[in-house]
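Please keep the sequence and the 3D view open while reading, and look up each element as it is named.

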There are 2 protein chains.
Amino acid sequence: MKMDELASQVKEASLLLAAAGTEQKDKALQLIAASLLSRKEEIISANRADLERSRKENLPAPLLKRLIFDETKIVDVTEGIASLLALEDPVGKTLLSTELDDGLELYKVTCPIGVIGVIFESRPDALVQIATLCLKSGNAVLLKGGAEAKETNAILAEIIIKATTEAGLPAKWAALLATRADVNEMLKMDKQIDLIIPRGSNEFVRYIMDNSNIPVMGHADGICHCYVDKEADLAMAAKIVVDAKTQYVAVCNATETLLVHEKIAAEFLPVIKEALVKKNVELVGCSRTNTLIAVNLATEEDWKSEYLDYKLAIKVVSTLEQAINHINTYGSGHTDSIITGNEVRARRFMDFVDAGNVFWNCSTRFSDGFRYGFGAEVGVSTGKLHARGPVGLEGLLIYKYKLLGNGHVVEDYANRSKTFKHRNLYKKY
Amino acid sequence: MKMDELASQVKEASLLLAAAGTEQKDKALQLIAASLLSRKEEIISANRADLERSRKENLPAPLLKRLIFDETKIVDVTEGIASLLALEDPVGKTLLSTELDDGLELYKVTCPIGVIGVIFESRPDALVQIATLCLKSGNAVLLKGGAEAKETNAILAEIIIKATTEAGLPAKWAALLATRADVNEMLKMDKQIDLIIPRGSNEFVRYIMDNSNIPVMGHADGICHCYVDKEADLAMAAKIVVDAKTQYVAVCNATETLLVHEKIAAEFLPVIKEALVKKNVELVGCSRTNTLIAVNLATEEDWKSEYLDYKLAIKVVSTLEQAINHINTYGSGHTDSIITGNEVRARRFMDFVDAGNVFWNCSTRFSDGFRYGFGAEVGVSTGKLHARGPVGLEGLLIYKYKLLGNGHVVEDYANRSKTFKHRNLYKKY
């Protein structure tokens with residue numbers, strides 16, 4: 001089938017899915033979980049084939065690791081489905097109800113966005129996670145996984161589509177795309193696809209963002225900062241910076257640059273150097289840093305780098321404003337934290353730093369949907385429209401205005417024979 | 001000054017404006033209104049120069065009409081400012097507050113988007129309206145008006161910037177761009193500009209949408225439908241269709257296509273034809289329409305046309321589903337109305353029609369921010385992310401997550417020495 005035909009069928013199915021009830025969607029989620037467990041042997045054997053082929057093709061070790069979809073992963077994704085089932089249906093919620101005039105009632109009601117295009121590398125768990133998030137929120141989904149996971153993705157998609165069809169949902173609400181050429185086709189389908197969610201490396205996400213007219217939700221760089229203020233508790237600061245840098249270096253909310261106020265730099269820098277060197281962190285720093293601790297000099301490129309590794313850039317700043325300015329210049333709007341005992345300065349930092357997550361006295365590693373208590377996470381967005389920061393199910397929703405009248409026409413209001421009343425109805429649609 | 005330098009200065013000012021308090025912003029709005037009134041002679045004389053030059057340059061009459069900015073218009077925009085002043089400050093509202101663990105508090109707080117690029121044709125009132133909406137919502141703004149209104153726009157921008165500077169806001173929170181080349185420059189500034197709002201013709205909006213990586217809020221086509229169901233009150237249907245088509249033909253929420261159920265077509269079509277012909281509406285229709293009333297045959301192109309004129313396309317459909325399908329195929333997701341006495345069919349229509357505004361027994365002309373009671377309107381969006389339908393001030397806002405801790409690190413939760421509590425705080429930031 002041609003890609004645009006398939007996309008049109010998915011779009012058609014999206015309208016049916018959007019109107020599906022909570023019970024039917026929950027039934028479908030239960031059937032998916034049950035089927036993943038009962039067919040685990042098939043899944044694991046498909047994954048084994050992917051792993052063997054990819055090993056022969058010399059897929060790098062970190063990607064091979066992410067490709068593994070074993071029994072533990074199957075249990076993980078079914079637990080994810082259980083937590084999705086526990087969440088309220090986000091569709092059909094009344095956000096606003098106004099009586100515009102006698103008998104003319106306006107309701108703003110949540111609804112799915114429509115068709116989501118998901119493009120992901122390696123991890124087959126992303127397929128299950130995103131597909132079930134889309135299902136819960138009533139969105140149809142076009143899935144494109146990496147070629148290295150093709151066998152695993154094929155059986156996972158088949159299981160999901162079969163289970164949801166058994167629950168009475170339209171079969172075309174989800175579809176798996178097979179070839180790399182499909183990605184570029186997909187990026188052009190702004191008539192059928194309403195939103196693209198890319199999951200993968202920075203370069204991958206940036207490529208998607210630069211090559212489509214379709215809105216993209218996600219993040220490329222995560223250049224996060226810790227700023228240790230002159231009024232910081234230095235022991236607390238060291239603990240936070242070590243966590244923010246080393247707790248898990250390969251993730252977007254790990255800190256990449258440390259900013260230190262000049263007043264405490266001489267005291268703090270040797271302490272943090274010792275703590276980080278113990279964790280095998282390589283340090284680079286500005287010339288002022290270099291006068292206080294022995295480090296290689298940082299270049300302009302360092303302030304713009306997301307190392308995703310055991311490496312940290314350090315800069316000494318003269319003022320809070322300089323710290324804020326550095327972050328707003330080089331940051332990626334992801335997560336930035338101030339460590340200070342002064343509330344006024346903390347609030348100033350949180351007001352002026354232009355990022356989705358602005359923290360006070362805690363590690364940048366906290367910016368995450370599960371830690372925030374969202375139950376399910378679509379991803380983290382560094383965009384400034386629609387959804388920002390860790391995005392839960394609500395990032396897959398929009399709303400419709402529904403207006404219920406009884407023959408009302410605008411001419412009556414234009415000629416002033418009637419006037420609007422705009423009374424809050426406090427009523428559900 | 002170079003365009004990107006200017007844009008960077010505006011971006012810098014946007015951070016100061018984002019942190020400005022309600023009183024300061026309201027003071028600035030009051031000063032703008034006062035200054036517009038006290039300097040009305042200057043404004044009117046600048047506008048007279050624009051009108052004279054444009055007349056000589058043979059600007060079409062409708063555009064000349066929109067260019068007029070006289071005393072009435074000045075009073076209108078100051079009334080708009082008064083209604084903005086009456087609205088709550090939308091910035092700094094707590095949308096969510098969760099205690100993640102003891103002493104670790106998460107707040108989701110509304111904030112401005114940042115820098116808005118506004119591009120508009122003719123109407124100088126759009127400049128005042130958008131600039132003041134941006135001010136109220138704490139957004140900086142780059143304004144680009146049409147060359148025909150250059151004198152008027154220059155003095156309006158000067159008045160606005162002077163008044164807001166007097167209120168202590170940074171002078172660069174707003175800037176007026178002068179040349180046509182600036183528009184194309186602006187469309188490339190995705191580092192400095194967060195959102196573009198184009199106000200003008202369909203072609204103009206589409207050009208903007210097709211030529212920028214920056215998100216665009218607005219609408220190109222407004223292809224709105226009325227569907228008269230087999231269970232409609234036909235007198236009500238006629239009244240609604242006449243209003244939806246003729247109350248004001250040049251606007252985006254005017255109806256362009258009428259769908260009629262076959263069961264009532266023979267009775268309804270002659271009635272509606274008579275009513276519309278009286279209003280000088282030209283009718284085209286499908287072949288089934290043509291067997292019931294004498295009309296020219298509609299082509300495929302008609303279903304895709306936004307006439308913005310005294311012209312209506314009519315199609316007879318066999319089922320409610322066919323009507324829904326036609327709308328979802330040819331509509332623009334703007335506003336569509338069903339006229340029926342059957343609630344189940346009405347709700348089905350409103351569930352399945354994929355549009356920002358879905359109406360029952362009322363005219364499509366109601367989809368408008370003022371009629372909806374929003375007090376101020378940014379525009380109407382046919383996009384499916386961020387804001388949809390008539391967009392009030394909230395369309396210019398996003399949020400930040402602010403996390404307040406006391407030395408909290410992720411490692412404690414990773415090694416399970418601590419667990420998240422996720423208690424709702426019901427507390428304002």
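This is a predicted model: local features need pLDDT of at least 70, side-chain atom pairs count only at pLDDT 80 or more; totals for chains, interfaces and linings use all residues.

1. I begin with one pair of residues: A:Val228 stands opposite A:Ile339, which belongs to strand 12 of chain A. The two strands concerned, strand 7 (residues 224–228) and strand 12 (residues 335–339) of chain A, run parallel and are joined by four bridges. Strands are said to pair here if DSSP finds at least two bridges between them, and the elements themselves are DSSP runs numbered from the N terminus, with helices being H or I runs of at least four residues and strands being E runs of at least two.

2. Residues are numbered from 1 along each chain as its sequence is written, and chains are lettered from A and ligands numbered from 1 in the order in which they are written.

3. What is the order of the strands in the open sheet of 11 strands? The order is 10(A)-9(A)-11(A)-8(A)-7(A)-12(A)-13(A)-16(B)-2(B)-1(B)-17(B), and the pairing is mixed. At the edges are strand 10 (296–297) of chain A and strand 17 (423–424) of chain B, each of which pairs on one side only.

4. A parallel pairing that joins the two chains is found between strand 16 of chain A and strand 13 (residues 357–362) of chain B, over five bridges. Within this pairing, A:Tyr401 has B:Asn357 of strand 13 of chain B as its bridge partner.

5. How are the two chains related? Chain A is superposed on chain B by a rotation of 180° with 0.0 Å of shift along its axis, at an RMSD of 0.0 Å, and that is the relation of a two-fold axis. The superposition is by least squares on the C-alpha atoms of residues with pLDDT of at least 70 in both copies. Of the residues of chain A, A:His386 comes closest to the rotation axis, with its C-alpha at 1.9 Å. Because 100% of the interface residues of chain A are also interface residues in chain B, the copies meet through the same surface.

6. Strand 4 (residues 140–144) of chain B is largely enclosed by the rest of the structure, because five of its five residues are buried. A residue is buried if 20 or more other C-beta atoms lie within 10 Å of its own, exposed if 12 or fewer, and partly exposed in between, with C-beta atoms placed from the backbone. B:Ala140, B:Leu142 and B:Lys144 cover one side of the strand, and B:Val141 and B:Leu143 the other. Strand 4 of chain B pairs in the parallel sense with strand 3 (residues 115–120) of chain B over five bridges, and with strand 5 (residues 174–177) of chain B over four. B:Leu143 stands opposite B:Val118 and also opposite B:Leu176 in strand 5 of chain B.

7. B:Val380 lies in strand 14 (residues 379–381) of chain B and is buried, with 24 other C-beta atoms within 10 Å. Leaving aside neighbours within four places in sequence, B:Val380 is in contact with residues including B:His219, B:Cys252 and B:Pro390.

8. B:Asn58, in the loop between helix 3 (40–56) and helix 4 (61–67) of chain B, has a phi near 60°, a positive value in a residue other than glycine. B:Asn58 is exposed, with 8 other C-beta atoms within 10 Å.

Methods. Two residues are in contact if their C-beta atoms, placed from the backbone, lie within 7 Å.
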